[in-house]
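Take a look at the sequence and structure below.

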Amino acid sequence: MTTAILLTAVLLLFSTSIHYATLRAVSAAIAARPDARYFGLLLSVGAITLAHVVEASLYAGGFWLGDDVFMIGSFKVEDEMGWMDYFYFSLVNFTTLGRGDIAPTDHQRFIAGIEAFNGFLLITASGSFILQVMRGKAPLSREW
């Protein structure tokens, strides 16, 4: 269980850091062009979507490590898991969709639970950020 906790802590730290850095960079770019609302919206949606895909990919790598390297749990599937399966599970879990066609076992369930919680928080922060951008703000800029 210690391995799962440490792995989860690293994944949580990196995904949250990537997200914050992305939002800061987007906010700075928006603040530099305050007259271009549409630019801000497009930049926000594009950058945040890319950040979420990268964050889900980090968790997919964590699930792979937990399954193939640390052997702290696996997944209930008919065939052997490939990278796309880890990524698919992670993306579905990160967005809290939770389809259930791939199910983690043992300590992988802990990582999956924290990923869903982290994904929910980051997606909520993204929604709040985008709403502020739509109001003409640069949410994390110093001018705001």
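Helices here are DSSP runs of H or I with at least four residues, and they are numbered from the N terminus. The model is predicted. Two topics follow.

**Helix α4**

- Helix α4 covers residues 108-134, which is 27 residues.
- From its first C-alpha to its last, α4 reaches 38 Å. That is close to the 39 Å expected at 1.5 Å a residue.
- Just after α4 comes Gly-136, with a positive phi of about 90 degrees.

- Glu-115 is found in helix α4.
- Glu-115 is buried, yet it has no salt bridge. The nearest side chain of opposite charge is Arg-109, and it is 13 Å away.
- The side chain of Glu-115 does make a polar contact with the side chain of Asn-93, at 2.9 Å.
- Gly-119 also sits in α4.
- Gly-119 has a relative accessible area of 0%, so it counts as buried.
- Thr-95 is 24 residues from Gly-119 along the chain, but their C-alpha atoms are separated by 5.9 Å.

- Val-69 is found in helix α2.
- Is Val-69 buried or partly exposed? Its relative accessible area is 41%, so Val-69 is partly exposed.

Technical notes: Residues numbered from 1 in each chain as written. Predicted model: local features only at pLDDT ≥ 70, side-chain atom pairs only at ≥ 80, totals over all residues. Heavy atoms only, no water. Helix = DSSP H or I, 4+ residues; strand = E, 2+ residues; numbered from the N terminus. Expected span 1.5 Å × (residues − 1). Buried < 20%, exposed > 50% of the residue type's maximum accessible area, 1.4 Å probe, protein only. Lys, Arg positive; Asp, Glu negative; His and termini not counted. Salt bridge = Lys/Arg side-chain N within 4 Å of Asp/Glu carboxyl O. Polar contact = N/O pair within 3.5 Å; in protein donor to acceptor, adjacent residues only side chain to side chain.
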